[in-house]
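Please look at the sequence and the model below before reading on.

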Amino acid sequence: MEALQLDANDYIFPVEARDTFENKNIIKAIHASQHTQRNYDRDKKIPIQDIKTIITAATQCPSKQGVAFYNLHVITNKNVIDTIYKYTTNLYAKKSTGYKNLSNPQVLANMLLVFSKKSELNPGTHKEIQEMKRNPISARIVNNDMHVAVGIAAGYVNLTASLLGLETGCCACVMGENELKSYLNLEGDPMLLMGVGYKKKGTSRRMHALDGSSEQAENNWHSKFPTIKKESTKIFYIK
């Protein structure tokens, strides 16, 4: 068995992808989905059929033995999203954290998905996994499977949204975790918040959604977020 390492240029965009013109729309959507959106046009509404498609992507993606490791909360109410946003800022940070300028406007979207832990797996199913949760070592495996499941779901949502012409932004920085759990009556801890929506035309996706507001000035939030180039992934073909 021989591993063929491609050159540096191929790390960025594999030859196969460059030459597969039939899939150019999918390739384009993949690249577009890399970018985090922080400034949405919230005057628009996502069509119900697109919302259903995104929910399908978040819930019908693969998971270990088909287990539903997480609960999904779908929020389109602007006032509710605004309240949740506050729980991701330094307004709820403990003094010991050192976060002074924390803000996550990627959640200020047309729709917000909240992935949260299930306190218990479905009773009567997957008994071997239930038993594993009682063993500290095995419980770590189940916990890892849960995070992998959420990661796969987020990937499905990310690409699906991109194919639908929507933007996304992920946030795991919930400084007011207890407040969020109480506000949404969550069964378990929040794992991931994912904004989905329409980009604001004429405004950089890196521009803070509250640019120019008194809230931004008071908290010293930067108006423009830095961009980090996607690192190259080494690709090995095993022959």
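## Charges over rings

In this predicted model, the charged end of K44 sits over the ring of Y198, at 5.1 Å from the ring's centre. A charge counts as sitting over a ring if NZ of Lys or CZ of Arg is within 6 Å of the ring centre and within 35 degrees of the ring normal. R38 also lies over a ring face, that of F225, 4.4 Å from the ring centre.

## Basis of the values

The model is predicted: local features need pLDDT of at least 70, side-chain atom pairs count only at pLDDT 80 or more, and totals for chains, interfaces and linings use all residues. Residues are numbered from 1 along each chain as its sequence is written, and side-chain values use heavy atoms, with hydrogens and water left out.

## Aromatic pairs

The count of aromatic pairs comes to three. Rings of Phe, Tyr and Trp (its six-membered ring) pair if their centres lie within 6.5 Å; planes under 30 degrees apart are stacked, over 60 edge-to-face, and the rest tilted. One of the pairs is Y85 with W221: the ring centres are 6.3 Å apart and the planes stand at 70°, so this pair is edge-to-face. Y85 belongs to helix α5 (residues 78-86) and W221 to the loop between α9 (214-219) and β6 (236-238), so the pair ties together parts 136 residues apart in sequence. Both Y85 and W221 are buried, where buried means under 20% relative accessible area, exposed over 50%, and partly exposed in between (1.4 Å probe, protein chains only).

Y87 and Y183 form an edge-to-face pair too, because their ring centres are 6.0 Å apart and their planes are at 70°. Y87 is in the loop between α5 and β3 (111-117), while Y183 is in helix α8 (residues 177-184), so parts 96 residues apart in sequence are tied together. Y87 is buried, with a relative accessible area of 9%, whereas Y183 is partly exposed at 36%.

## The chain as a whole

The protein chain has nine helices and six strands; these are DSSP runs numbered from the N terminus, helices being H or I with at least four residues and strands E with at least two. Of its 239 residues, 38% count as buried. Among contacts (heavy atoms within 4.5 Å) with a separation of 6 or more, 78% join residues 24 or more positions apart.
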